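Hi there,

Here is the structure I promised to pass on. My notes on it follow below.

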Amino acid sequence: MNKKQLSERDICTKFITPALEQAGWDISAQIREEFPLTKGRIIVRGKLHTRAERKRADYVLFYKSNIPIAIIEAKDNNHTVGDGMQQALRYADMLQVPFVFSSNGDGFLFHNKIAQDGIIERELALHEFPTAETLWQWWTQHLGLDNQQNSLVTQDYYSDGSNKIPRYYQLLAINKTIEAIARGRNRILLVMATGTGKTFTAFQIIWRLWKSKTAKRILFLADRNILVDQTMTNDFKPFGPAMTKIQKRQANKSYEIYLSLYQAVTGNEEERNIYKQFSANFFDLIVIDECHRGSAAADSAWREILDYFTSATQIGLTATPKETKEVSNIDYFGDPIYTYSLKQGIDDGFLAPYKVVRIDLDKDLTGWRPDKGMLDKHGFEIEDRIYNQQDFDKVLVLEQRTQLVARKITEFLKQTNRFDKTIVFCENIDHAERVRQALVNENADLVAQNSKYIMRITGDNEEGKAELDNFIFPESTYPVIAITSKLMTTGVDAQTCKLIVLDQRIQSMTEFKQIIGRGTRINEDYGKYYFTILDFKKATELFADPDFDGDPVQVYEPKATDSPVPPDITDEETGGGMIYPDSDTNSTWSGVTEPDPDEASYRRRFVVANVKVEVIAERVQYFDADGRLITESLKDYTRKAVAKEYASLDDFLRRWNSADKKQAIIDELSEQGVFFDALADEIGRDSGKLFDPFDLLCHVAWDRPPLTRKERAEQVKKRNYFTRYGEQARRVLEALLDKYADEGVAQIEETQILTIAPFTGFGTPIEIIRTFGGLDQYQQAVHDLEDALYLPDRHARESGNPGG
């Protein structure tokens with residue numbers, strides 16, 4: 001066996017895995033090959049999307065299920081033993097494991113992050129690979145864990161038998177929390193972006209503490225009924241009969257797992273404080289979901305509960321820790337034990353990126369002043385002053401503004417999909433009702449078919465709240481448009497929401513992140529890969545705040561007559577004024593119902609019907625895979641992507657001509673955000689011609705006139721290229737050439753093409769391959785055909801096309 005001729009996968013199978021088995025590692029329980037770390041960031045261009053390359057570790061070694069301890073990166077034997085180390089260290093940093101190995105099949109390079117002798121890296125022979133017990137003993141000694149602590153840290157996860165492994169960041173959050181509790185910490189804060197599985201993470205933490213008997217009685221607190229009910233039905237279901245929901249202000253002490261609204265166990269009157277029916281040391285563990293919404297404030301109702309059960313270990317979960325002069329999660333819980341941000345989630349491909357359409361209305365920017373003595377539509381005299389965006393829909397209503405907003409929302413949906421789930425955030429309940437009416441009139445045709453096409457879902461409306469589950473369920477068509485003010489800002493798991501409309505002035509970063517989180521979940525089964533934010537009140541200027549950690553892929557500000565749907569090609573961004581958050585208005589509300597935050601402040605809203613409101617600006621910007629703002633066209637973006645990979649046209653031609661499969665180059669560039677289908681549509685739109693990816697790249701990146709696939713195929717035929725082959729082989733190659741002209745180079749590179757017409761008329765795939773003398777000779781014939789397709793020719797030289 002010539003080791004140099006073996007593939008990387010062969011090296012793994014024949015050398016690395018046997019070395020691990022020889023060291024006593026259990027191949028079925030402790031070794032995971034091709035371990036997925038990320039899904040690959042979703043890159044959005046226009047209406048198209050693709051995924052960047054996902055990160056996979058060649059090997060992750062687990063001491064026990066879901067407790068990773070080491071990474072191995074493999075390379076083929078043409079590399080040195082240490083060539084994979086830097087890649088392995090990058091993956092090890094993601095999983096935060098202490099032991100890192102690279103191998104080329106000759107041995108291992110071992111990187112020990114906790115080495116006691118000062119020698120961090122050393123080479124090992126294949127038979128010298130450490131045992132699982134050895135690595136774990138080194139690690140527990142480094143952490144200073146005793147036997148009891150070690151027993152908790154290694155407590156099994158819950159498994160449903162499917163061998164499904166939590167995502168890497170969930171493993172980290174769970175294991176770090178258990179480790180901290182084992183070492184005596186009793187106040188813990190976990191920060192995880194909306195849509196990354198906070199409740200599943202909490203379940204595994206609770207399960208392991210419960211099964212190890214570290215925590216025998218557990219209280220899970222939330223501030224919305226839907227959060228409690230979703231949790232019991234979904235992630236917490238395995239607790240079964242040990243679990244109960246505290247309701248009707250009754251404390252049944254015979255259960256082990258308790259879920260409750262904090263409003264259900266506390267109140268203003270002493271006799272309503274049901275939690276005092278439990279002794280102060282009844283609960284061993286309390287988990288507070290969405291802890292930014294109340295427990296952080298020293299005088300809040302949640303803090304009453306936490307202070308009463310002060311001996312319990314307390315874990316706060318949030319996507320947005322609250323830090324103001326008055327309220328601090330960190331002051332109470334301490335620094336987060338682990339943070340997984342919105343930006344990380346989008347970069348890893350676990351969360352949906354988003355585009356922003358900013359629509360500026362003239363009266364919002366310039367303000368509006370009534371004539372002296374002017375009466376509103378109800379006959380009340382309007383106070384003489386300048387009203388602006390801060391006032392609209394709070395103290396003064398411009399009815400035509402509401403109608404314009406509804407018209408723009410409808411226009412967007414008509415140009416995308418009128419059945420895309422949409423949430424509209426309004427200033428208050430009164431505003432939400434007016435927007436509902438305006439949207440009903442704009443969408444009269446669909447409302448006539450089903451009155452639930454549009455629903456106001458606010459805390460005061462039982463009919464609307466009853467439809468919340470239907471809005472959330474992907475299988476349910478109705479409601480399509482949900483209009484709210486505060487009720488849906490938190491904890492609503494709307495996986496298929498593709499449009500979020502902001503007609504609410506948001507100045508709290510906490511609330512802004514929560515609202516953005518309504519759209520960040522991905523649902524591939526329903527085609528949800530990204531979402532759009534339609535912003536009427538400059539809320540998305542909070543993107544400029546340094547506390548925001550997840551940039552949009554696109555921001556669009558169309559002019560008055562433009563479509564609200566972002567185009568594939570945009571003009572350069574024009575600058576705009578910056579509004580920085582100056583208060584935390586309405587960000588701590590956490591009631592069961594939804595009070596109108598403005599009713600106490602304003603006894604009357606002036607309503608004006610006859611003031612015209614117009615759109616004066618709309619804008620789009622793209623953010624690339626690295627989060628940088630770009631505003632160029634699809635062609636310019638492609639040109640830059642190609643230039644990053646290839647220094648010159650000659651460099652590209654050398655790579656193209658030497659590639660075993662041209663599709664590999666196309667796939668690489670696709671992962672960089674080059675959309676060949678969109679380019680082909682744009683370049684061939686007027687002529688209806690079909691261009692090869694090769695010609696598209698040469699045309700866009702180096703300004704070479706493109707040849708169509710048909711023109712390339714015809715040139716090969718004119719050269720009498722097939723005369724070197726026998727009759728049957730010639731017929732096969734001519735058919736391949738026709739397939740190329742119709743479908744492109746990718747199709748002819750795969751042997752599966754021999755299983756479809758017209759090739760089935762030439763015999764079975766095996767019979768066809770034998771015509772060429774065998775598989776190697778067939779593949780060489782296809783490679784030679786590709787060479788002929790991209791050879792220089794008279795047409796290309798005269799036109800300036802490179803040809804190959």
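Let me start at the end of helix α24: the residue N720 follows this helix and has a positive phi, near 55°. (Helices are DSSP runs of H or I with at least four residues, numbered from the N terminus.) Before going on, please note that this is a predicted model, where local features need pLDDT of at least 70 and side-chain atom pairs count only at pLDDT 80 or more, while totals for chains, interfaces and linings use all residues. Residues are numbered from 1 along each chain as its sequence is written, and side-chain values use heavy atoms, with hydrogens and water left out.

Back to α24, which spans residues 709-718. Its buried residues (under 20% relative accessible area, with exposed meaning over 50%, for a 1.4 Å probe and protein chains only) are R709, R712, A713, Q715 and V716. Viewed down the helix axis, they fall within an arc of 155° (taken from the directions from the axis to the C-beta atoms), so they line one face of α24. K710 and K718 are exposed on the other side.

Elsewhere, α5 (residues 168-182) packs against α6 (residues 198-211) at an angle of about 35°, with the axes 9 Å apart. Those axes are lines fitted to C-alpha atoms over the stretch in contact, and angles run from 0 to 180 degrees between N-to-C directions. Contact means heavy atoms within 4.5 Å; among the residues making it are I174 and I178 of α5 and F200 and L209 of α6.

Finally, there are zero disulfides (pairs of cysteine sulfur atoms within 2.5 Å) in the structure.

Best wishes

Methods. Helices (H or I, at least four residues) and strands (E, at least two) are DSSP runs, numbered from the N terminus.
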